[in-house]
Amino acid sequence: MPSTSPRLWVVATPLGNPGDLSPRAREVLTEAALVLAEDTRRAGQLFARCGLTAQRFMSFHDHNEEERLPRILDELRAGAHIALISDAGMPLMADPGFRLVRACRAEGIDVSVLPGPSAPITALAGSGIAPQPFTFLGFPPRKRSDVEKLFAEYANVRTTLVFFERKDRLADTLDAAHAVLGPRECCIARELTKPHEEFILLRLEDRAQLTRELLGEITVVIGPPESVTATPRAEVLALLADEARAAPDEKPRELARRVHEATRGWTVKDIYKLMQDAR
């Protein structure tokens, strides 16, 4: 190993193409006493593709991170070199590991990061959308209302948004993005570095044109606001009043949903609260 002192190595692994594994990463992964992986089966397949042999694997994921932490720290204190990898790309970006790195720092255990493949950076670089500043959101929440609330936090921030999404939730998430963020550039990057890599360039308002099923791992890049996107409070109140006059028997939450479709930078929950506060 490059160092004799105990150390946690945070190692970036290929997104798909085994040729992207650096020589330094090969050395560390081969010589580490223990390799922590989200899925040891997938890690074994990666090692086989790259012609590597691990001394030992241990599963390390969201559901066992807290339980495994003391044991891993004990091995580090005893002098072990341990490597942390994710299923693909740079660990910690949307994967477990933060608590382990933080614990190592607190105890004075050395931590080294081996840079390499990263899906957010790769998608951003290939999108043609303004790369800075950008904000990485990981995976958006599952509930539509929570997704809208997340996007609302950035509706008026001049930043490019980058996030991961599952293929079966992509359409709903893009709908929520357009409802809150308004017209913007968008890039859907899938299967990065793999044989079927694809960058799909579109605008959020044209998302309905994306009718075919997208397979594989997906990273989404949404450009910064092209103008001030949040509808002014006074305009939202005026819309609420107009809608209430047009449909006096409408339930408040349904009214809030309708007004939400005609505004930007507001969630349904925000509009509903505005209705309650205005009474």
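This is a predicted model: local features need pLDDT of at least 70, side-chain atom pairs count only at pLDDT 80 or more; totals for chains, interfaces and linings use all residues.
Colleague: What makes β1 and strand β4 (residues 81–84) a pair?

Modeller: β1 and β4 are joined by 4 bridges, in the parallel sense. Two strands pair if there are at least two bridges between them, so β1 and β4 qualify.

Colleague: How do you know whether strand β1 (residues 7–11) is enclosed or open?

Modeller: Look at its residues one by one. A residue is buried when its relative accessible area is under 20%. In β1, 5 of the 5 residues are buried, so the strand is largely enclosed by the rest of the structure. Arg-7, Trp-9 and Val-11 point one way, Leu-8 and Val-10 point the other way, and all are buried.

Colleague: In what order do the strands of this open sheet lie?

Modeller: The order is β3-β2-β4-β1-β5, with parallel pairing.

Colleague: Why are β3 (57–59) and β5 said to stand at the edges?

Modeller: Each of them has a single partner strand, so one side of β3 and one side of β5 are left without a neighbour in the sheet. On average, neighbouring strands of this sheet are turned by 25 degrees against each other, direction ignored. Helix α1 (residues 23–31) packs on the sheet, where α1 touches β1, β2, β4 and β5. The direction of α1 makes about 135 degrees with that of β1.

Colleague: How do you know whether Leu-100 is buried or exposed?

Modeller: Set its value against the cut-off for buried, under 20%. Leu-100 has a relative accessible area of 0%, so it is buried. Leu-100 belongs to helix α4 (residues 98–107). Apart from neighbours within four places in sequence, its contacts are Leu-8, Leu-36, Phe-60, Glu-65, Leu-69, Ile-72 and Leu-73.

Colleague: What makes β7 and β10 a pair?

Modeller: They are joined by 5 bridges, and a pair needs at least two, so they count as paired. These two strands run antiparallel. Phe-163, for example, stands opposite Val-220 in β10.

Colleague: Which residues of helix α5 (residues 119–127) are buried, and how do you know where around the helix they lie?

Modeller: They are Ala-119, Pro-120, Ala-123, Leu-124 and Ser-127. Down the axis of α5, these residues fall within an arc of 130 degrees, so they line one face of the helix. Here is a handy rule: an α-helix has 3.6 residues a turn, so residues three or four places apart point the same way. The buried residues of α5 pack against β6 (134–136), β7 (160–165), β8 (185–190), β9 (198–203) and β10 (218–222).

Colleague: What can you say about the buried residues of helix α9 (residues 252–261)?

Modeller: In α9, Leu-255, Ala-256, Val-259 and His-260 are buried. They cover an arc of only 140 degrees around the axis, which puts them on the same side of α9. What covers them includes α6 (144–152), α7, α8 and α10.

Colleague: And how do helix α8 (residues 233–246) and helix α10 (residues 268–278) pack?

Modeller: Their axes are 11 Å apart, at an angle of about 80 degrees. Angles of 65 to 115 degrees count as roughly perpendicular, and therefore α8 is roughly perpendicular to α10. Arg-233, Val-236, Leu-237 and Leu-240 in α8 meet Ile-271, Leu-274, Met-275 and Ala-278 in α10. By class, that contact has 7 nonpolar, no polar and 1 charged residues.

Notes:
Residues are numbered from 1 along each chain as its sequence is written. Side-chain values use heavy atoms; hydrogens and water are left out. Buried means under 20% relative accessible area, exposed over 50%, partly exposed in between (1.4 Å probe, protein chains only). Contact means heavy atoms within 4.5 Å. The arc is that of the directions from the helix axis to the C-beta atoms. Axes are lines fitted to C-alpha atoms, for helices over the stretch in contact, and angles run from 0 to 180 degrees between N-to-C directions. Angles under 35 degrees count as roughly parallel, over 145 as roughly antiparallel, 65 to 115 as roughly perpendicular and the rest as oblique. Ala, Val, Leu, Ile, Met, Phe, Trp, Tyr, Cys and Pro count as nonpolar, Asp, Glu, Lys and Arg as charged, and the others, Gly among them, as polar.
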